[in-house]
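Happy to walk through this one with you.

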Amino acid sequence: MTSPFDPIDLAGLRLRNRLVMPAMGRARAFGPGNTATDSMATYYAQRATAGLIITEGSQPSVVGQGFPNTPGLHSAEQIAAWRRVTDAVHAQGGTVFAQISHVGRVGDPALLPDGLIQVAPSAVAAPGRLFTLDGMKDFGTPHELTSQEVRETIADFGRAAHNAIEAGFDGVELHAAYGYLIHQFLAPSANLRTDEWGGSVEGRVRFAAEVVAAVSAAIGARRTGIRISPGIRYNGIEEPDLEPTYVQLVRRLNETGPAYLHLVEDSRDLTGILRKEFSGTLILNPATDGFTGAEDLALIENGTADMLSFGALFLANPDLPARLRAGGPYNTPDETTYYGGTDRGYIDYPSLNA
């Protein structure tokens, strides 16, 4: 029987265990030009006993930013600052991927220069309101990307991935979940296009598949992962055709061969289907009534997943792998650090948890 504490080969990277610290929004890139800080290096180095660390999302371009004090991977200063983080993690024997996250329509235009506004597959505003430094605001209507701008955005992801490797990261994870840009292309509620980037399932899957292909061309498929959240309705996402959409997506991914698929679970049935379809490593953030806990380790033992990601529990327990192996004790996560009392969308913003 496979143990969660067994090493695993991730497309040529030997990881010390099968426990993953996933990307968690933090908004602590207080350095000039949204750069990583020494406190971020300390934070990630403290958690280096994870088999894999995935950092908070970094925008691949200026227009990809939606929230204050989030880091980027599109400038020389950002690359240099992230190097301090990766060096700190590697000094502790850890493995660290950068999450590349473009918010699409989900963001505050006040953060963008020169009158830019957020971009999206279609000029459809997300429902609800947005957290900003000036309080809650309604989402605005985004600029609909032209076909040429879609291709330029794909190229931005490739450049950001190259920058991540230059900054010392072991690989990257593409954020195709939680209603951000890649997810917006997948969802018919946000993607109303009738050109090659929309309409059919094949059209809506195309952007995600081509981003993965571009990143893989830039840094290698074995250093590329992707995170998805089928059925998770954050930021106005509605997906009535879940199974055909995500089966088609996984089949397109298999053509490129990324190292892993990181699945934020809503349906165990769909997990089983995608598990059979995907040819690489499956990282699972399981559907739970609260946050991912020790009881979920059985999902590795019974083969439901290859690796397991823990959000809130990793915030509260930097040495989580040792505590899981020992059966505790565990620090209890502060309920204000994750949405809705669950591990669906963990967050560690200073406004909530300094």
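Q: Which residue forms a salt bridge with Arg 151?
A: Keep in mind that this is a predicted model. A salt bridge here needs a side-chain nitrogen of Lys or Arg within 4 Å of a carboxyl oxygen of Asp or Glu. For Arg 151, the closest N and O atoms of the pair are 3.9 Å apart. The partner is Glu 210.

Q: How many residues apart are Arg 151 and Glu 210?
A: Arg 151 sits in helix 3 (residues 147-166), while Glu 210 belongs to helix 5 (residues 201-219). The pair therefore links distant parts of the chain. Their separation is 59 residues.

Q: Where do Arg 206 and Glu 210 both lie?
A: Their side chains meet in a salt bridge of 2.8 Å, N to O. The two residues are 4 residues apart, about one turn of the helix. That helix is helix 5.

Q: Which parts does the pair of Arg 251 and Glu 277 tie together?
A: The side chains of Arg 251 and Glu 277 meet at 3.1 Å, N to O, in a salt bridge. Arg 251 is partly exposed, with a relative accessible area of 46%, and Glu 277 is partly exposed too, at 24%. The pair lies 26 residues apart in sequence, so it ties together helix 6 (residues 242-256) and helix 7.

Q: How many strands make up the closed barrel?
A: The order runs 3-4-5-10-11-12-13-14, with parallel pairing. Strand 5 (residues 96-100) and strand 10 (residues 171-176), for instance, pair in the parallel sense over 4 bridges.

Terms used
Residues numbered from 1 in each chain as written. Predicted model: local features only at pLDDT ≥ 70, side-chain atom pairs only at ≥ 80, totals over all residues. Heavy atoms only, no water. Pairing = 2+ DSSP bridges. Buried < 20%, exposed > 50% of the residue type's maximum accessible area, 1.4 Å probe, protein only.
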